[in-house]
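Visitor: Please show me the model, and let us then examine on what grounds its features are given their labels.

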Amino acid sequence: MRIYFDYNATTPLVPAVADAMSASMRDVFGNASSVHHFGQQAKAAIDAARSSVAALIGADPLELVLTGSGTESDNFAIRGAAEALEPAKRRHLIASAIEHEAVLNTLKALARRGWTVTLLQVDQSGILSADQLKSAMTDDTALVSVMHANNEIGTVQPIAELSAIAHAHGALMHTDAVQSVGKIPVDVRALGVDLLSLSAHKFNGPKGVGALWVRRGVRLQPILTGGKHERGRRAGTENVAGIVGMGVAAALAAAKLTPEAERLAALRDRLEHGILRAVTGTVVNGALTPRVPNTTNISFDRVEAESLLIALDLEGVAVSTGSACSSGTLEPSHVLKAMGFPPHRTQNSLRFSLGVFSTEAEVDRVIEVLPKLVDKLRNLTKKATA
Ligand SMILES: Cc1ncc(COP(=O)(O)O)c(C=O)c1O
């Protein structure tokens with residue numbers, strides 16, 4: 001039995017998505033910019049997918065720019081807004097310190113080119129406070145970028161409240177909703193944002209396809225220049241099969257959003273409670289609510305998360321740590337670090353993220369194997385330090 005509890009990293013395609021993509025690859029090869037039948041067939045497929053993605057987030061299809069990933073959407077939102085607002089002399093950008101690298105490294109790149117960047121720390125709840133944003137805003141702030149749901153701990157930020165603050169100072173508001181779209185209701189108008197990023201492979205669609213929702217009237221400087229694709233906002237011949245896959249995945253997600261969220265929350269809670277009960281020295285990182293229903297991030301006292309991840313993998317269970325192993329050194333999770341946790345806590349935490357194929361039997365299997373693995377690792381450390 002192989003168990004995949006790493007849905008926040010990526011999700012498998014559901015069969016209906018794979019089928020629609022295969023059919024599209026086989027039958028729809030035209031260039032959507034061509035005037036003839038073949039081109040128009042591709043354009044119709046893209047338009048249908050665009051409408052379905054728009055419906056999932058309460059948007060007008062014409063406000064969506066289809067992109068090549070969540071990363072590209074984040075880049076386009078931030079670079080595009082920063083550059084478009086440059087003549088207005090607004091050169092200040094704000095984000096939370098728990099954003100994904102797609103946002104953080106884009107801000108770093110802009111900082112090297114002269115923009116001022118403020119990163120807001122969060123407390124141990126993993127939720128940004130409105131007061132913190134208020135005190136960071138200046139008249140030069142061009143854009144505020146705060147993620148909707150965090151990929152490591154799952155906490156959901158008060159985006160509508162934060163948007164109102166950004167707008168009160170004349171700044172634009174972007175949210176990276178890559179980890180919330182398809183998991184919880186996302187409505188661009190209710191969130192009050194100007195820009196929203198999403199990515200198909202986080203909701204059982206294909207990798208390498210995403211979208212940026214751009215509120216009508218918001219000007220962005222394109223980052224990909226070339227033809228007039230996507231109404232001049234994103235040049236490049238469209239990945240028709242990928243876009244079709246995203247459209248079908250969006251329709252499926254929309255059709256079962258609430259029941260699937262309830263099912264996953266029950267499974268996640270069963271897993272979380274089961275682990276906390278069966279393993280001593282465990283605690284959940286971040287606030288329990290508001291949180292996406294599929295995610296829990298748990299700290300295991302006196303355990304190296306990387307070792308536990310490998311031990312679980314050997315038992316057929318795939319999970320993840322927020323820490324990245326770069327050039328042989330273990331980088332602590334920047335999210336847990338920004339939440340103010342001490343080093344040992346940033347390196348002993350595992351993320352379990354569930355999804356469409358997750359079952360109760362899988363949850364129970366993980367609760368069964370974990371205590372033994374944790375004991376074994378703790379005993380090894382005890383011997384090594386004795
Ligand atoms: C919050 C968040 N933003 C952006 C991304 C990047 O999306 P993509 O993998 O489509 O580039 C991810 C992917 O892990 C993510 O979790």
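Visitor: Which residues are buried in α9?

Guide: In α9, Val240, Ala241, Gly242, Ile243, Val244, Gly245, Met246, Gly247, Ala249, Ala250 and Ala253 are buried. The term buried means under 20% relative accessible area, exposed means over 50%, and partly exposed lies in between (1.4 Å probe, protein chains only). This is a predicted model, in which local features need pLDDT of at least 70 and side-chain atom pairs count only at pLDDT 80 or more, while totals for chains, interfaces and linings use all residues. Residues are numbered from 1 along each chain as its sequence is written, and side-chain values use heavy atoms, with hydrogens and water left out.

Visitor: What do the buried residues of α9 pack against?

Guide: They pack against α1 (15-27), α2, β2, β7, β8 and α10 (257-278). Contact here means heavy atoms within 4.5 Å. Helices (H or I, at least four residues) and strands (E, at least two) are DSSP runs, numbered from the N terminus.

Visitor: Why are β2 and β4 said to stand at the edges?

Guide: The open sheet of seven strands has the order β2-β8-β7-β6-β5-β3-β4, with mixed pairing. β2 (64-67) and β4 (116-120) each have a single partner strand, so one side of each is left without a neighbour in the sheet. The twist averages 20° from one strand to the next.

Visitor: Why is the pair of tyrosine 4 and tyrosine 7 called edge-to-face?

Guide: Rings of Phe, Tyr and Trp (its six-membered ring) pair if their centres lie within 6.5 Å; planes under 30 degrees apart count as stacked, over 60 as edge-to-face and the rest as tilted. Tyrosine 4 and tyrosine 7 are 5.2 Å centre to centre with 65° between the planes, and are therefore edge-to-face. Tyrosine 4 is partly exposed at 30% relative accessible area, whereas tyrosine 7 is buried at 5%.

Visitor: What makes the pair of phenylalanine 29 and phenylalanine 38 tilted?

Guide: Their centres are 5.4 Å apart and the angle between the planes is 40°, so the pair falls in the tilted class. Phenylalanine 29 is exposed, with a relative accessible area of 61%, and phenylalanine 38 is partly exposed at 40%.

Visitor: How do you know that the charged end of arginine 91 sits over the ring of tryptophan 115?

Guide: The rule requires NZ of Lys or CZ of Arg within 6 Å of the ring centre and within 35 degrees of the ring normal. The charged end of arginine 91 sits over that ring, 4.2 Å from its centre.

Conventions
Two strands pair if DSSP finds at least two bridges between them. Axes are lines fitted to C-alpha atoms, for helices over the stretch in contact, and angles run from 0 to 180 degrees between N-to-C directions.
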